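Here are my notes for your read-through. Please keep the model open beside them.

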Amino acid sequence: MGEEVEAQEFSRADRTRHREKVRRCLDVFARMLREARFDTDDPMTGLEVEFNLVDEAGDPALKNAEALEAIANPDFQTELGQFNIEINVPPSTLHDGGLAQFEDNLRRSLNDAESKSAQVGAHMVMIGILPTLAEGHMSMGALSANPRYRLLSEQILDARGEDISISIAGAERLDTTADSIVPEAACTSTQFHVQTSPDDFGDYWNASQAIAGVQLAVGANSPYLLGKQLWRETRIPLFEQATDTRSEELKAQGVRPRVWFGERWITSVFDLFEENVRYFPALLPITDEEDPLEVLERGDTPKLPELRLHNGTIYRWNRPIYDIADGTPHLRVENRLLAAGPTVADTIANAAFYFGLVRALAESERPLWSQMSFSAAEENFHVAAQQGIDAQIYWPGIGGAVRATELVLRRLLPLAHQGLDAWGVPAADRDRLLGIIEQRCLTGVNGSEWFVRRMRDRASEERYDALRATLLEYRERMHTNEPVHTWE
């Protein structure tokens, strides 16, 4: 999302040329998959975390340019909204203490960035949606300076032909409209990356889809938007609606949305890239000079820029990634459905749960997705986003719906232990981090639950005063790095 592009307009010829080039890239990618030109020897894992910026009062601080200049660390970069920044944590192998490295690096970087950004009046908060955002922050003026964001906003609005409508019914109801994709900037997330071989990619992606609902249930951290208490993970419906290029008529015709859970289990990473090309017109039809076939045939690795840029504008909750490191291509599953926070410890516990569980399920002799319909996985995803840690979700072999916390405690935590053992994660790291997930389930407290309960305690106060006070308390506790289940 942060790649620099120049402001520009696109002609019909641009779109035709780009479509042909994307299809050429897809053909070359298929050949690369057949010829096994991928790095699979020692799979890496990665972590990206998006932060919100607030001022001393807890209101949004539209100062990401100033904050980034003060932080002066290339690991931090701009995000869509001026009240967002993102950190890319250096990738690591889990058997080399990767989870502990992620935690140490993230904690150290957060402390350093906070001390520097505070000097320009911007404080870091790890939360999925900034609760103190108001309607006045939802204008084009809140977009970051990168021309790509304005260009992307223009293309989405042009494709829709009308303003973006946001309608979310939860504990309360929100109905609003926007003339840009700024509401998307309200959604900050954590992204876990797991590298796989071409042969294993389908299993890892299918496993990631199957557990998406469980991840949301235990990790929900976005209960408020524009002063309203909505879903426990309000980012999900907000993101789905804020980048929707479809008019109401196209929705009625069954045209697929760009924020997409998907519609089927896959057998290959090619399935996902091929769907991207087949179903979705380009939002940014920018054509590069590279001839991917020529590059491949001379023995080098093609960048496939059009295919990768197109993939970056289709917002799957588990996204396929083609990338190149040291001249060698590799594949990753990008798990991007969780909010950040509430603490670094909670975020790395979420990572441990994901990495462990996805490996155990991907390597299972009887795949979970052979026992479970894809539509059931999608329904779990949206039920968990709405209900959070109290969600009742379907799981095969149990005889219907079961409370997510019970499922995690009885079945999934043992699998996550097995998966982390298979990765070679040190036992002390495994037990401490999965213990955080266990305690969340036993106490029934995750980020969303804590926030909603504290707001209930402040029910007599004016809504935004209560939101500010609760967010400032949240920010203070975030810096202790004590997991959220201990905050009560």
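1. At roughly what angle do the axes of helix H2 and helix H3 cross? The model is predicted. In it, the axes of H2 (residues 64-71) and H3 (residues 98-117) cross at roughly 115°. They come within 8 Å. The crossing of H2 and H3 is right-handed. On the H2 side, the contact is made by Ala67, Ala70 and Ile71. On the H3 side, it is made by Ala113, Lys116 and Ser117.

2. Now Arg160. This residue belongs to helix H4, which spans residues 147-160. Is Arg160 buried or exposed? Arg160 counts as buried because its relative accessible area is 6%, and the cut-off for buried is under 20%. Its side chain reaches the backbone oxygen of Arg246 at 3.3 Å. Not counting residues up to four places away in sequence, Arg160 touches Ser165, Asp244, Thr245, Arg246 and Ser247.

3. Next, Arg463 in helix H18 (residues 463-478). Arg463 is partly exposed, with a relative accessible area of 30%. Which backbone oxygen does the Arg463 side chain reach? That of Gly227, at 2.6 Å. Leaving aside neighbours within four places in sequence, Arg463 is in contact with Glu172, Tyr224, Gly227, Lys228, Gln229 and Met455. Arg463 and Thr132 are 331 residues apart in sequence. Their C-alpha atoms are 9.6 Å apart in space.

4. Then Gly424. It sits in the loop between helix H15 (404-423) and helix H16 (427-443). Gly424 is partly exposed, with a relative accessible area of 33%. Leaving aside neighbours within four places in sequence, Gly424 is in contact with Leu94 and His95. Where does Gly424 stand relative to Arg160? The two are 264 residues apart along the chain, and their C-alpha atoms are separated by 48 Å.

5. On to the aromatics. How many aromatic pairs does the structure hold? There are 24. One aromatic cluster is formed by Trp205, Phe239, Phe261, Trp265, Tyr315, Trp317, Phe374 and Phe381.

6. Last, arginines over rings. Arg256 places its charged end over the ring of Tyr279, 3.6 Å from the ring's centre. Arg359 lies over the face of Trp423. Here the distance to the ring centre is 4.5 Å.

Technical notes
Residues are numbered from 1 along each chain as its sequence is written. This is a predicted model: local features need pLDDT of at least 70, side-chain atom pairs count only at pLDDT 80 or more; totals for chains, interfaces and linings use all residues. Side-chain values use heavy atoms; hydrogens and water are left out. Helices (H or I, at least four residues) and strands (E, at least two) are DSSP runs, numbered from the N terminus. Buried means under 20% relative accessible area, exposed over 50%, partly exposed in between (1.4 Å probe, protein chains only). A polar contact is a pair of N or O atoms within 3.5 Å; within protein, one must be able to donate a hydrogen and the other to accept it, and residues adjacent in sequence count only if both atoms are side-chain atoms. Contact means heavy atoms within 4.5 Å. Rings of Phe, Tyr and Trp (its six-membered ring) pair if their centres lie within 6.5 Å; planes under 30 degrees apart count as stacked, over 60 as edge-to-face and the rest as tilted. A charge sits over a ring if NZ of Lys or CZ of Arg is within 6 Å of the ring centre and within 35 degrees of the ring normal. Axes are lines fitted to C-alpha atoms, for helices over the stretch in contact, and angles run from 0 to 180 degrees between N-to-C directions. A crossing is left-handed if the near helix is turned anticlockwise from the far one by less than a right angle, and right-handed if clockwise.
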